[in-house]
Amino acid sequence: MKLYCLSGHPTLPCNVLKFKSTTIMLDCGLDMTSTLNFLPLPLVQSPRLSNLPGWSLKDGNAFLDKELKECSGHVFVDSVPEFCLPETELIDLSTVDVILISNYHCMMALPYITEHTGFTGTVYATEPTVQIGRLLMEELVNFIERVPKAQSASLWKNKDIQRLLPSPLKDAVEVSTWRRCYTMQEVNSALSKIQLVGYSQKIELFGAVQVTPLSSGYALGSSNWIIQSHYEKVSYVSGSSLLTTHPQHLTAAVDTVHQSLVELPSGLGFWSKLVVVVFLFLFYLIFCRIIGRKRCLLSLPSSSFSQPMDQASLKNSDVLVLTGLTQIPTANPDGMVGEFCSNLALTVRNGGNVLVPCYPSGVIYDLLECLYQYIDSAGLSNIPFYFISPVANSSLEFSQIFAEWLCHNKQTKVYLPEPPFPHAELIQTNKLRHYPSIHGDFSNDFRQPCVVFTGHPSLRFGDVVHFMELWGKSSLNTVIFTEPDFSYLEALAPYQPLAMKCIYCPIDTRLNFIQVSKLLKEVQPLHVVCPEQYTQPPPAQSHRMDLMIDCQPPAMSYRRAEVLALPFKRLFEKIEIMPELADSLVPMEIKPGISLATVSAVLHTKDNKHVLQPPPRPAPPTSGKKRKRASEDIPDCKVLKPLLSGSIPVEQFVQTLEKHGFSDVKVEDTAKGHIVLLQEAETLIQIEEDSTHIICDNDEMLRVRLRDLVLKFLQKF
Amino acid sequence: MAAEGSSLQLLQENPCLVELLCHVLKPQGLSARVLSFSLRLAGVFAAQESCFQYLQQAELLPGLFGEAGPLGQAAWSAPTVRSGWIQGLRSLAQHPSALPFLADCGTLDTIFSLQGDSSLFVASAAGQLLVHILGLSLQGPAEGPPSPQACDWPVCAQKIVGHIEGSLRSMATPQVTQALNVLTTTFGHCHGPWMQVLWERLSPLVACLLQEDPLPAAHSLVDLLLSVARSPVLSSSDCGLWETLAQTLRRLSPAQAGPLALGILKLQDCPQALRAQAFGVLLQPLACVLTAADQAPGPPGLPEGTTGDSVTVDTLLSSKSACAGLLCQTLAHLELLQPLPQRPSPWPQAPLLGAAVTILRFCNGSAAPASDVGGRLCAILAGCVRVQRAALDFLGALAQETGPQELVTQVSAVLLEYLRSPDSSPTVLKKAFQATLRWLLSSPRAPGCCDLDPDTQLFLRELLPVLRKRLCSPCWEVRDSGLEFLTQVTRHWGGQAGFRHALLASEVPELAEQLLRDPESYVRASAVTAVGQLSSQGLHATAASPEQLGGQKESLLAELLHVLSTDSEGFPRRAAMQVFTEWLRDRHADVAEDTERFVARVLQAASRDLDWEVRAQGLELALVFLAQTLGQPSARCPYAVAAPQATPPGPLAQALRALSRVRLFEFAFRALFDCDRPVAQKSCDLLLFLRAQATPSGGLQEAEGSPDVVPVEAALQRWRAGEQGEPLGDLEPEAVLAVLRSLDLEGLRGALAESSDHVEKSPQSLLQDMLATVGVRGENQADCY
């Protein structure tokens, strides 16, 4: 069993698992951080960007000045942004049988794989994953295609030239494999290869393995996967969240109250009991009130979107591949939402605008739900919220219709005359307005101060570029980064000098290391495999030993372009016995509860299924030709020697030897058993757990005698 | 009845009682409750010696409490019967003649076994009973010092002590715990000279316990040793106690030793060496933290010998819960110790500050320890809310004294980090605000002037933006803590120019005013208090713009009145009443403009309020106004001392008319019959004060002739009957005074001072209940007792 690691990005994984003659790709993430090396694509002509000076080498050589521009000490490639693809050389991707997608963020490289590698297999994903993934891809293609750029830079990628460039361009890896964005046609073709699956649906792959998606609790339709055969189980955990909707602490409170009532000392009188009950009830009410309020404003609703994470099904795994943990392990999502709201309110109150670079799905639902509850209390009811994305409308509408994928809490709302997500109400009351782009209706409706949600979080393309240019000069405005995928300092680099305030509130609800530690304790896999980043503290906080995976045995780590041999051997294979063959067996009980029978049969293997069939009866000898053919078909069924079982009690064996005239018997203990030494006969009898050897010097008579003595202690059948 | 007279007589006069007890003796299917009651009743009777003899003669007592009694019956399985049995014995054991009875009929053995009863109440009562019997048996005959020889002791005492010795020798944790608990209670409650003998006899066994590994019942052992050490009989004598304590301190695990160390340090008379040892034990976890953070050979400033030993380090590193538990316990103990006069001296303020700061830095991950232990400690403590809260509390407590400037700067920095961090949980933030307040208020004034020193001003400039952000938090607890902090800091520093300047330059006052409309009632209440305080100090948001002064000022008063009359929740309305009372008391400018109108409006709103606290606060405000109007300068507690000086008749009439104009009389009279007792009590006090103030002169009534009190009394009658009734309109002061004189206010005050259920508890009420029950059921099945 091997794991081929095609991506080094821990939250945008792309691995290939070879397991029992199947080749399974686990996720297909696209690392977009490469785009940070490029100049932003302005939607409206930007004199500032177009007038940036070209970059020249220290010796004044300016041959790269068309390709590279300098801005506030940083150098950027002036070209259409390119993405860093998963490794395509490590394994022949045309041999991949299936691709399993765990969430919509982890499928962005799909068109590159399915359309350009000879891939002929099937992709499995849940419906919301596909639909929202499509929106993300559509938005990406739209952002890039609507600002066509004639120029394409490739000179700087030359290895000899790249060495001369300043950081981070100098250190960028595999630049030669960077590719431009795919087209909508490729997206459609890729998505057509996807087969939709539901949670807990069992999918057979060639009879060899079974794959099953499980709810991972992170996003709408997000899933972990189980890949198992009859005797082996691999779990793939990618992008999971444990923030649950069902307030377990409340349930716990009810349990406590109930438990306390049950455990009330029986010596208490009725009135004392009543007092205790009333007290506990009051306590419970107060507790509910406090928790209720907290949940109302503090906790992230994102957890409430999707069904809770299915942990139980991950138990008894031989290998657990763990990817997609939180990218901000030190930040608590609830605290960040608070920070987001506070900064938003302060900015707007002072007449400034707030820009929130974001993806068109995911965290934005969280933020809108929090704001829905917050704006009235903060006196922001008159502030317009704009959501600008080519897919804004679809995103807002899609989220309302995936009833079966929502948590119980939201599911019940689907059957009421109110939408499950409150952003519908924000739209109805005109507090939230959405537009496909800054062009068109938006420019008529636009009024300030306002809050704008728009993409792309890298600040390299999309409508966000326009707002950065528009609002960057005023210190009244604020840009609040909520997506954790990009370093906000690097994202802001081409906009320097910048007067607007920058707030970094990354919201990542995926598992943190404490949750992982609890998960691993509960699930107890035999081996854990994870990206190397998770096996050591983050470089910036090398003392934080709590920010790494701590498990026993230590997790195996992988990095990009590595092949891991997974540390377990397959010991068993399931074989079916045909009923008529089973009928013919005569088990013999060798010790209480254990019966054995010898089987003579033909092993028939097809489509990774093994069946024992009765051996064909020897055909009656007819013509010589026929007999010859028949004897070719039928395997030789030799008369088998009886099978032996049991153990040899050394002391009794020695006594038996002595009774049979062997004197001078010595016994030595060895690591594996015993050696009985017949000094006179110069003979050794080596008795081990699973074998007994008689070593004597060419005396067959003696050997047979001794063998028969040994056999007396064993059972035959 | 038994408590008030002779039980014997009662029994003799009511033979049915003895019959009842005899009836119980018969083996029959009596209900457990009746049996339990009978046992308790028998105990109450037998508490008097004469009656005890009487019942003995009737051979009732052995039947009830001896082995032949309910012990063997099926009813014994009911905890209520066992509990009744113990309570009966507890009542019975009041006189020496009961002791032979207890010793002879096997009662003690049953009590011993009940110590391990499945019902905690029974088990605890059994232990208490043993203590009581031991005390009774030992205190009686001993006139001189009791003999150390056990054979000279009363049989009961011998048996009990023998049982305790046996339990201690058994080394089994449940038995040892029971024995130690009995001893702890004994040494805590009994103070006879025999205590010393008892301790001398038992201390070797306690010392033996200390040799055991693992130590059984360590917590109970600590309790016992502290109880012995606190006992005046023993602590003054040299009976090896201090040595045992020292040995125990060495023997216990760090978590177990903490409470013992604190207990020792709280003792008044204790050898210095033992105190030093105890303090060392208490400081050890913090010494470990400091060592782990610094990698220095030993933390400077701690008393000598206080180094983090390996056992403490192991405990800290063993698990998250153990580490958090030990640190929280240590911090809480030191916090308790800090303000005590007998705390160790010199007090290691600097290392303690350092330790608190280091722990807080470990918890938020900002410390970068070089040592391996530090790294592991950091991993364990990162994000641990419990430790953060304990450390912030402790840090706040340390603000009573200052420390080296460098450390104070670190304290400010770490507090700011916590206040700023988005990851601070609401409870941690609250603690951080509280600690910050304590440090701010303890900061030194700049030399030569009364304003804040430059460091504090610098700190304030950093703090206020944080406060501003916190007031915008989506979490209501955070907004609430922020407002509370603002109120407190303004109360103390409202007069400091530096603070005023910084606050007015920030956006905080405006935000506070906006929070008056917060959706959360707690926050609205805090906002009302904060805005009221800001306004009192002239720091209200709009006070800065003079051109709008008049209109805006009015608007704040109007806004608070609006809160008072319309807010759906009680907390903001109560807060508004408190602010108004304070404003009136301090003669706030808004109020002083037209005090009568202000009081009239507030009282009108308060009188309609459904929340009794608002009405009670309304009376408080009325009292302040009364005191101001009648010229009583000390309005704090005007009716508490001697009768106040009467006001002369002329101004008095004028003042009374003013009170009438604001409808204070009507408000007070209506409150007199309020269904909530505190309101009625307050009103009663107010009217008593008014009467004392106004009537001694007597001239008013005579001058005006007899007033028409009929409408007032009619209204009072209606209110007393619980009706709403019409408003009274303007009252003639003379009529009010006449009504005041006619009311039995003292009697009313006495009635109100009774507990709220005194009516229900009275025999008359019981009788009524019984009659009612009988009447309803139609047959005589009432459970009268």
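What volume does the second largest pocket have? The second largest pocket has a volume of about 1,500 Å³. The model is predicted, with pLDDT of at least 70 needed for local features and 80 or more for side-chain atom pairs, while totals for chains, interfaces and linings use all residues. Residues are numbered from 1 along each chain, and side-chain values use heavy atoms, without hydrogens and water.

A pocket is an open set of points on a 1 Å grid where a 1.4 Å probe fits, with protein on both sides within 12 Å along at least five of seven lines; lining residues have an atom within 4 Å of a point. Volume is the space filled by probe spheres set on the points, which are joined across faces, edges and corners. The lining of the second largest pocket comprises 46 residues. Among them, A:His9, A:Pro10, A:Thr33, A:Gln327 and A:Gln533 lie nearest its centre. The largest share, 3 residues, comes from S5(A). Strands (E, at least two residues) and helices (H or I, at least four) are DSSP runs, numbered from the N terminus.

The contact between chains (heavy atoms within 4.5 Å) takes 33 residues from chain A and 32 residues from chain B. Buried area, the accessible area (1.4 Å probe) lost on being put together and summed over both parts, is about 2,700 Å². Carbon and sulfur atoms give 57% of this area. In chain B, the most area is lost by B:Asp423, B:Lys469 and B:Pro474, together 21% of what that side buries.

The interface has 1 salt bridge (a side-chain nitrogen of Lys or Arg within 4 Å of a carboxyl oxygen of Asp or Glu). A:Glu339 and B:Lys469 form a salt bridge at 2.5 Å, N to O.

Methods: Chains are lettered from A and ligands numbered from 1 in the order in which they are written. Buried area is the accessible area (1.4 Å probe) that two parts lose on being put together, summed over both.
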